[in-house]
Amino acid sequence: MAQDLLRTPLYEVHKREGGKIVEFAGWEMPVEYAGIKQEHIAVRQKIGLFDLSHMGEIEVIGPDAIGFVNGLVTNDVMRIRESQCMYTCMCRENGGIIDDLIVYRFPDREDGQQYLWMVVNASNCAKDFAWIKAHETEQARVSDLSMQTALLAVQGPDSQKFLQPLTDADLEVLSYYHLTRGQVAGIPAVISRTGYTGEDGFELYVAWQEAEKLWQALREAEGGIEPIGLGARDTLRLEAGYSLYGHEITEETSPVNSTLNWVVSLNTADFIGKAALQAEKEQGIREAIVGLVMQSRAIPRQGYEVEDNEGNVVGHITSGTFSPSLSRGVALARIAKSHSSVGTELKVVVRSRREPALVQKPPFVRGSVRNSR
């Protein structure tokens with residue numbers, strides 16, 4: 001592999017665990033250990049452990065850190081309380097999505113400064129930080145914590161039962177999309193009830209040098225937990241209907257035409273891209289991201305064309321896979337709004353064959369997540 005690829009603090013652990021290492025977003029990451037299907041089912045039915053240390057963490061501190069972040073993202077950060085998280089998008093002036101991300105609002109610091117994190121995608125970390133830093137003000141100071149912060153995720157319906165004996169934090173009172181600070185296996189951590197699998201779970205942010213110690217403590221804990229690679233992470237998120245940057249979301253798309261209207265607050269203060277999104281909404285949406293469930297044994301893949309029953313191309317697959325839970329192909333697709341109604345019959349072109357599919361509203365599989373965001 002290329003020598004300039006980055007490695008998480010758990011790289012050697014993954015090799016010892018038998019992880020199959022691949023290049024992903026500039027990092028050497030495990031795509032699978034025991035097999036994608038087996039790992040997928042483990043998370044759906046019980047629990048699994050992910051290394052997500054390639055993700056980016058950008059810190060914002062200042063007397064108006066909240067207002068600063070609110071001017072960069074499409075959702076209304078003013079609405080979230082201390083110790084709460086919010087999913088949102090960050091756009092350019094033309095409405096194109098720079099990245100989708102989660103804003104973490106921590107309690108104000110003892111000196112009265114507001115304190116937030118912006119947790120961004122690994123592939124966009126450098127670009128995101130440069131964009132945020134370019135807008136920095138005296139009221140909000142920006143720092144990149146990505147190479148100081150490791151992230152491990154415990155995901156699955158048994159997550160709370162497994163993790164509670166290892167932490168002093170009361171996980172029962174920690175709601176979805178909320179955070180707290182505590183010790184996990186004696187290691188200081190930021191603990192959030194967040195995830196990307198559609199299942200209940202927690203994301204654990206610790207100092208980079210503590211990652212291996214925490215991983216080993218979790219692997220040795222009572223009840224048992226298996227490592228999960230990026231392959232199962234992708235099939236899990238697709239069954240849950242979650243968008244992925246570079247697939248459903250790109251700089252050529254906007255939240256308005258990516259079925260992310262729910263993270264766009266046009267009735268609040270100005271943010272970068274607001275005018276473009278307002279105009280796009282007023283002009284009317286011509287495309288939509290929809291779910292497709294295959295009616296044959298064919299497996300849809302990114303880039304495959306989608307046709308109507310008359311053979312007209314009406315869109316393309318943005319993400320597609322074989323669903324281990326449903327034992328059939330599922331996909332997200334960008335198609336003409338006129339063909340986006342639930343139950344619409346369409347065809348996916350798979351190696352010149354026109355395979356039948358039905359439009360279905362995601363999630364394809366409803367997991368154990370406690371409540372909606």
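Analyst: First, a term: rings of Phe, Tyr and Trp (its six-membered ring) pair if their centres lie within 6.5 Å; planes under 30 degrees apart count as stacked, over 60 as edge-to-face and the rest as tilted. This is a predicted model, where local features need pLDDT of at least 70 and side-chain atom pairs count only at pLDDT 80 or more, while totals for chains, interfaces and linings use all residues. Residues are numbered from 1 along each chain as its sequence is written, and side-chain values use heavy atoms, with hydrogens and water left out.

User: How many aromatic pairs does the structure hold?

Analyst: There are nine aromatic pairs. In one of them, Y87 and W262 are stacked, because their ring centres are 5.6 Å apart and their planes are at 20°.

User: Where in the chain are Y87 and W262?

Analyst: Y87 is in strand β6 (residues 84–91), and W262 is in the loop between α7 (230–240) and α8 (274–283), 175 residues apart. Helices (H or I, at least four residues) and strands (E, at least two) are DSSP runs, numbered from the N terminus.

User: Y87, buried or exposed?

Analyst: Y87 has 10% relative accessibility, so it counts as buried. Buried means under 20% relative accessible area, exposed over 50%, and partly exposed in between (1.4 Å probe, protein chains only). W262, at 46%, counts as partly exposed.

User: What about F106 and W117?

Analyst: F106 and W117 form an edge-to-face pair, 5.1 Å centre to centre with 65° between the planes. F106 lies in strand β7 (residues 97–106) and W117 in strand β8 (residues 114–120), so the pair ties together parts eleven residues apart in sequence. F106 is buried at 2% relative accessibility, and W117 is buried at 6%.

User: Which residues do the ring pairs link into a cluster?

Analyst: Y104, F106, Y115, W117 and Y205.

User: Now the core. Which residues touch the most other members of the largest nonpolar core?

Analyst: A nonpolar core is a set of buried Ala, Val, Leu, Ile, Met, Phe, Trp, Tyr and Cys residues joined through side-chain atoms within 4.5 Å. The largest has 40 residues, and those touching the most other members are F50, Y87, Y104, F106, W117, Y205 and L277. β6, β7, β8, β10 (149–155) and α7 each supply at least two residues of this core.

User: Why would they sit together?

Analyst: In soluble globular proteins, nonpolar side chains tend to be buried together.

User: And what does the second core include?

Analyst: The second core is separate, has 26 residues and includes Y33, F162, A169 and I187.
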